Amino acid sequence: MTGAPADARSTREWLAYLAGATESIGSSLDLEQAAVGLTAAVVPYLADHAAVYLSDYLLRETDLPPERGRLMGGVQLVATAGEAGGAGTTVPPAAWLALAVRDSAGPVVLPETDSRAGALFPLRVRGVILGFAVWTRLAGSFQETELLVGGQLAAQAALSMHDAYLYRREAVTVDVLQRDMLAVEPPDLPGVEIAHRYLPGSPAARVGGDWFDTIRLRGARVALIVGDVTGHGIRSAAAMGRLRTAMRTLVALDLPPAEVLHNLDAIALSEEGTIATCLYCLYDPVARQCSIANAGHIPPVLHAPGELPRLLDIPAGGPIGVGGIDFQTVDVTTPDGSLIVLCTDGLVENRDRELGQGLTELCQAIGKQPASQGLEQRCDGLLDALGASCRMDDVALLAARLSGIPADRVANWIISPSARSPRIVRRLVRDLLVKWELAERAETAELLASELVTNAIRYASRPISVRLMLADSLLCEVHDDDHHLPVLGNPRPTEESGRGIQLVSRLARRWGVSRIPTGKVVWFEL
């Protein structure tokens, strides 16, 4: 439709114009783009200049809902088109705000200034004021038909902007949910470098049931976890969040990988309809070994120095939530410099590629990468090589470069329980810390180590073991064959027991206790 006078346009022309303008305004779920579409539809057909002002609450991340019949906060200019003449219109007069929020939802004709005519169109949706649009004509006034058409355009624009606002708010909510459920930054861990990626199945989904996790455990060990809940969308994400939380709790109990999956399976069985696959890899940087258990997940890939990448032969077991599965733990030697890659099936399987072929291509892609390449770049390279940009399913990728802890930074002693044991441990700890050039920590380390040994010899029936390790912190572990775990308490002045653990709790940076098949391990870090 051309810029012909309003009275010269036929009804057919007006309808054609409205149809085209409505399509332009509602073609995007982007808030600013909808405003741009409105101004582009108006200029030059109905006005020489158009501007759209939107309320602040639409443009910022907030959970505060707007109030009916009231413009929340201030307004911002988000789109303009055409020439306003003179100095232009950049800041609306305060009176415009009052006009926008008055009871009438129709257009408001502004007083003419310097032969220019203006009209204000409130942008309302179900009583909620989103902002307003202002049209300016350099010569002549607006006809009644033009104001009616403008009102229709403003109503359509308000609906599109409100939909865009709701979509943006929902997307932000989902992104926050996903970020809180998944790790954001790879943790800084001794003896292992971590990199990870998560890609939703489609831009519209944004959230799914795939997850990954890295958890630091006693003795600088690291739990590497990848899982996949069946289905897509918010329900799968909610189930994933519950399983991930349960998994972290079970891992913190320092259970063997197969036992962790067995307990996770029991938890999933209590939630009807929750089915997931999961791969749990426990890396010990001192033993240079990965202990792996699988619950129906695709196997990990190990690329050891001087060897070709290979799929690890881990019994697949069955999915979490099925019940009655005999999960097994497999120990795999991992020389320093090894790379282990865990992922979900969305990376290697699609409509045009079977799972077996995808796993072969993953191994090939890993083998083609330079060993010296950064881990972040290697993850991006694997996504590109496997065509993750054309995915139809969620993708979780977790890669770890394993370097271990140097042997000269670990010491182990076996000590027979006796009254002399605490004194012997004090001397051993002091001499070793002097050798490690940590004499300033020696006094505290001696004291706490002797307290743990004193507690151990009271209950142990066999020799106890003491391990000292220097990584990103100083770690001391005391192992004995008694299964009773010490409990932190507040002993009375007349009580003798419990003071050692209280002292450890106050002086150590971290401390804890783990039950193991042969007894327990009490540890602290400085």
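This is a chat about a predicted protein model, going from its overall make-up to single residues.

User: What am I looking at, and what should I know before reading it?

Analyst: This is a predicted model, in which local features need pLDDT of at least 70, side-chain atom pairs count only at pLDDT 80 or more, and totals for chains, interfaces and linings use all residues. Residues are numbered from 1 along each chain as its sequence is written, and side-chain values use heavy atoms, with hydrogens and water left out.

User: What is the mean pLDDT of the protein?

Analyst: The mean is 81, and 84% of the residues reach 70 or more. pLDDT is the predictor's confidence in each residue, from 0 to 100.

User: Where is the pLDDT below 50?

Analyst: Residues 86–91 are below 50. Beyond near neighbours in sequence, that stretch has eight contacts in the model, a contact being heavy atoms within 4.5 Å. Where pLDDT is low, the predicted coordinates should not be read in detail.

User: OK. How many helices and strands does the protein have?

Analyst: It has 13 helices and 20 strands. Both are DSSP runs numbered from the N terminus: helices are H or I with at least four residues, strands are E with at least two.

User: And how much of the protein is buried?

Analyst: Of its 526 residues, 49% count as buried. Buried means under 20% relative accessible area, exposed means over 50%, and partly exposed is in between, with a 1.4 Å probe and protein chains only.

User: What about contacts between residues at least 24 apart?

Analyst: They make up 67% of the contacts between residues at least 6 apart in sequence.

User: How many residues are in the largest nonpolar core?

Analyst: That core has 39 residues, and Leu 38, Val 42, Val 52, Leu 130, Trp 135, Leu 153 and Met 161 have the most contacts inside it. A nonpolar core is a set of buried Ala, Val, Leu, Ile, Met, Phe, Trp, Tyr and Cys residues joined through side-chain atoms within 4.5 Å. In soluble globular proteins, nonpolar side chains tend to be buried together.

User: Which elements supply at least two residues of this core?

Analyst: Among them are helix 1 (11–25), helix 2 (31–42), strand 5 (128–137) and helix 5 (144–181). Helix 5 gives the largest share, nine residues. Apart from this core lies another, of 31 residues, including Leu 433 and Ile 501.

User: Back to Leu 153. Which residues is Leu 153 in contact with?

Analyst: Setting aside neighbours within four places in sequence, Leu 153 is in contact with Tyr 17, Leu 18, Ala 21, Ile 25, Leu 38, Val 42 and Leu 46.

User: Which residues of helix 2 are buried?

Analyst: Leu 31, Ala 34, Ala 35, Gly 37, Leu 38, Thr 39, Ala 41 and Val 42. As for length, the twelve residues of helix 2 should span 16 Å at 1.5 Å a residue, and the end C-alpha atoms are 17 Å apart, which agrees. The expected span is 1.5 Å times one less than the number of residues.

User: Where does phi take a positive value in a residue other than glycine?

Analyst: One of these places is Ala 220, with phi near 65°. Ala 220 sits in the loop between strand 7 (208–216) and strand 8 (222–232). Phi of Asp 254 is also positive, near 65°, and Asp 254 is in the loop between helix 6 (233–252) and helix 7 (257–269). Most residues other than glycine have a negative phi.

User: Is Asp 482 buried or exposed?

Analyst: Asp 482 is buried, at 13% relative accessibility, in the loop between strand 18 (474–480) and helix 13 (499–507). The Asp 482 side chain reaches the backbone nitrogen of His 484 at 3.1 Å.

User: Last one: what does the side chain of His 303 reach?

Analyst: It reaches the backbone oxygen of Glu 307 at 3.0 Å. His 303 is in strand 11 (residues 301–303) and is buried, with a relative accessible area of 17%.

Technical notes:
Polar contact = N/O pair within 3.5 Å; in protein donor to acceptor, adjacent residues only side chain to side chain.
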